[in-house]
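Please read the numbered points alongside the sequence and the model.

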Amino acid sequence: MLNELPLPDLAATSAALPIPEEETEVLAAIRKHGALSRTDLVRITGYSRPKMTLIVGRLVQQGILREVGEGESQGGRRPRMLHFDTSRGYVAGVDLGATSLSVALAELSGTILERRTEPADVRDKPPLILDRVCALLLEMIQARGIDATNIKAIGMGVPGPVQFSTGRLIAPPLMPEWDGYPIPATLRETFPMARIVVDNDVNVMALGELRGGGGVGVENFIVVKIGTGIGGGIVCHGSVYRGSDGCAGDIGHICVDPHGPVCRCGNVGCVEALAAGPAIAARGVEAAQSGSSPLLLARMQTRGGHLTAEDVGAAAAAGDRIAIGIVQDSGRMIGEALAGLVNFFNPRLILLGGGVANIGHQLLASIRQTVLRRSPPLSTKDLRIDYAALKLDAALIGAITLALDHVFV
Ligand SMILES: [Zn+2]
């Protein structure tokens with residue numbers, strides 16, 4: 001029984017004990033196709049029959065899979081079909097953005113049962129936000145009569161550098177209060193049976209795109225999140241690549257202008273300080289106040305003196321020359337940083353996500369142009385740059401995937 005499995009003492013760690021690769025492959029096949037027989041699984045995975053018998057035996061014993069009836073006969077005995085034992089547990093995904101918090105409850109099959117989103121300020125102290133994570137999840141499970149001990153894993157994406165082995169943020173510029181805070185131990189006070197896996201938000205998005213979005217079947221690709229900050233997630237040889245300490249892909253602090261402004265990280269001219277949402281908004285305000293863009297000024301007046309990157313995008317879509325220039329400049333600077341990555345990593349695909357990625361086609365066009373101009377022809381011959389397929393859901397779906405990948409040892 002799953003509930004009787006002894007859990008190692010994971011209170012102080014991220015519980016990053018992944019389910020063995022063969023098991024993950026079998027579970028992924030069932031997630032994709034629905035109930036399958038052992039023969040189907042042998043055909044899909046290429047594992048031998050005896051090996052599959054062992055793998056399935058372990059998964060059934062752990063309460064992850066169960067036999068759900070008989071399939072079509074292929075001439076002999078009707079094969080027994082296997083599917084997730086959804087009565088044994090649930091997982092949750094948490095996507096903490098700079099300004100919002102989303103929590104989803106899912107079955108072990110990966111099917112999302114329910115989700116909640118509310119505004120949040122990531123600069124708040126961790127207990128405040130983690131209390132809301134627990135409250136939202138408790139609301140969802142209590143309404144369904146599910147006990148907190150039935151939550152078997154929680155995957156959480158956070159907008160900062162995460163030491164993956166401990167699930168702790170290390171010196172996060174966007175959320176300084178969280179430096180070294182024990183997120184896993186805190187969540188386990190409410191969900192004692194859950195393995196808590198914390199990762200950088202863009203790594204989580206990359207995982208979501210890899211398993212169920214635009215990156216399915218692509219071996220090497222990069223996901224770029226453009227929002228309040230800029231971050232990257234790297235998929236290398238079909239897995240999320242986290243680097244030695246967990247901060248691979250932290251591309252927001254690549255310098256694109258040595259004479260640029262001081263970034264919140266303390267360095268000068270970072271692409272994040274020049275091209276992310278706040279920089280676009282600030283340039284919009286400047287254009288409004290200087291009188292160079294009457295459209296932005298009018299918009300600002302209706303917004304109580306503020307502008308967002310989305311406002312600048314809307315003005316660009318309406319044909320405002322200054323706003324178009326701001327969006328294009330932002331795309332050019334992001335493109336400069338990405339061109340360096342393309343030279344270095346030779347990805348097949350770059351997916352753009354995050355709230356600011358969708359502010360207008362000029363951003364994507366300008367990024368594409370800059371990367372193509374700045375990278376060698378061989379590396380761009382088959383390179384595709386596009387929007388993330390899962391859009392704003394990538395991080396939440398990725399967080400659930402992260403939980404599912406770590407739900408059992
Ligand atoms: Zn920086």
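How many salt bridges does the rule find across the interface of domain 2 and domain 3? The points below begin with the answer.

1. Across the interface of domain 2 and domain 3, the rule finds 2 salt bridges. The search for polar contacts across the interface of domain 2 and domain 3 gives 2 residue pairs. The model is a predicted one, and side-chain atom pairs count only at pLDDT 80 or more.

2. The division of the protein is as follows: domain 1 covers 2-84, domain 2 covers 90-208 + 394-405, and domain 3 covers 217-388. Domain 2 contributes 16 residues to its contact with domain 3, and domain 3 contributes 20 residues.

3. The centres of domain 2 and domain 3, taken over C-alpha atoms, are 26 Å apart. Between domain 2 and domain 3 an area of about 1,400 Å² is buried. Carbon and sulfur atoms give 64% of that area.

4. R242 deserves attention on two counts. Its side chain forms a salt bridge with that of D199, at 2.7 Å from N to O. R242 also lies over the face of F164, 3.9 Å from the ring centre.

5. Is W178 buried or exposed? W178 counts as buried because its relative accessibility is 0%. Y181, by contrast, has a relative accessible area of 21% and is therefore partly exposed, since buried means under 20%.

Conventions. Residues are numbered from 1 along each chain as its sequence is written. This is a predicted model: local features need pLDDT of at least 70, side-chain atom pairs count only at pLDDT 80 or more; totals for chains, interfaces and linings use all residues. Side-chain values use heavy atoms; hydrogens and water are left out. Buried means under 20% relative accessible area, exposed over 50%, partly exposed in between (1.4 Å probe, protein chains only). A charge sits over a ring if NZ of Lys or CZ of Arg is within 6 Å of the ring centre and within 35 degrees of the ring normal. Domain bounds come from an automatic or database domain assignment. Contact means heavy atoms within 4.5 Å. Buried area is the accessible area (1.4 Å probe) that two parts lose on being put together, summed over both. A salt bridge is a side-chain nitrogen of Lys or Arg within 4 Å of a carboxyl oxygen of Asp or Glu. A polar contact is a pair of N or O atoms within 3.5 Å; within protein, one must be able to donate a hydrogen and the other to accept it, and residues adjacent in sequence count only if both atoms are side-chain atoms.
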